[in-house]
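Please look at the sequence and the 3D model below before reading the report.

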Amino acid sequence: MENNYTKMFDELTFTDIFETFDDEYLTDMALNKPEQLNRMCIFLSLDEQIRIEKYNKNEYKTQIN
């Protein structure tokens, strides 16, 4: 059971979490806390870049082996 639990969180990305926020919350953040929204967007960009690099790294390893 612990392996499934760990795997579930290993696959959870910041993008997954961000998508759970409703539009009203994001609008409020944009109006009242723009710095916080900017940091969230940076995390989204980094999260996506890490996923792309991880995919490319795994693909490259597969080609060598």
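The text below covers a salt bridge, a surface patch and a group of aromatic rings.

This is a predicted model, in which local features need pLDDT of at least 70, side-chain atom pairs count only at pLDDT 80 or more, and totals for chains, interfaces and linings use all residues. Residues are numbered from 1 along each chain as its sequence is written, and side-chain values use heavy atoms, with hydrogens and water left out.

**Salt bridge**

Side chains of opposite charge can pair when their charged atoms come close. A salt bridge here is a side-chain nitrogen of Lys or Arg within 4 Å of a carboxyl oxygen of Asp or Glu. The count by this rule is 1 salt bridge. Its partners are Arg51 and Glu48, whose closest N and O atoms are 2.5 Å apart. Both residues belong to helix α4 (residues 34-64), where they sit 3 residues apart, about one turn of the helix. Helices are DSSP runs (H or I, at least four residues), numbered from the N terminus.

**Accessibility of single residues**

Buried means under 20% relative accessible area, exposed means over 50%, and partly exposed is in between (1.4 Å probe, protein chains only).

| Residue | Relative accessible area | Class |
|---|---|---|
| Arg51 | 37% | partly exposed |
| Glu48 | 33% | partly exposed |
| Phe43 | 47% | partly exposed |
| Phe18 | 17% | buried |
| Phe21 | 27% | partly exposed |
| Tyr25 | 37% | partly exposed |

**Nonpolar patch**

Phe43 lies in helix α4. Together with Ile42, Leu46 and Ile50, Phe43 forms a nonpolar patch on the surface, with about 400 Å² of accessible area together. Such a patch is made of residues with over 30% relative accessible area and no salt bridge, the nonpolar side chains (Val, Leu, Ile, Met, Phe, Trp, Tyr) being joined within 5 Å. The areas come from the Shrake-Rupley method with a 1.4 Å probe, and for residues only the protein chains shown count as cover.

**Aromatic rings**

Rings of Phe, Tyr and Trp (its six-membered ring) pair if their centres lie within 6.5 Å; planes under 30 degrees apart count as stacked, over 60 as edge-to-face and the rest as tilted. The structure holds 3 aromatic pairs. In one of them, the ring centres of Phe18 and Phe21 are 6.0 Å apart and the planes stand at 85°, so this pair is edge-to-face. For Phe21 and Tyr25 the centres are 5.2 Å apart and the planes are at 40°, so that pair is tilted. Phe18, Phe21 and Tyr25 form one aromatic cluster.

Key:
Helices (H or I, at least four residues) and strands (E, at least two) are DSSP runs, numbered from the N terminus. Patches are made of residues with over 30% relative accessible area and no salt bridge: like charges are joined within 9 Å, nonpolar side chains (Val, Leu, Ile, Met, Phe, Trp, Tyr) within 5 Å.
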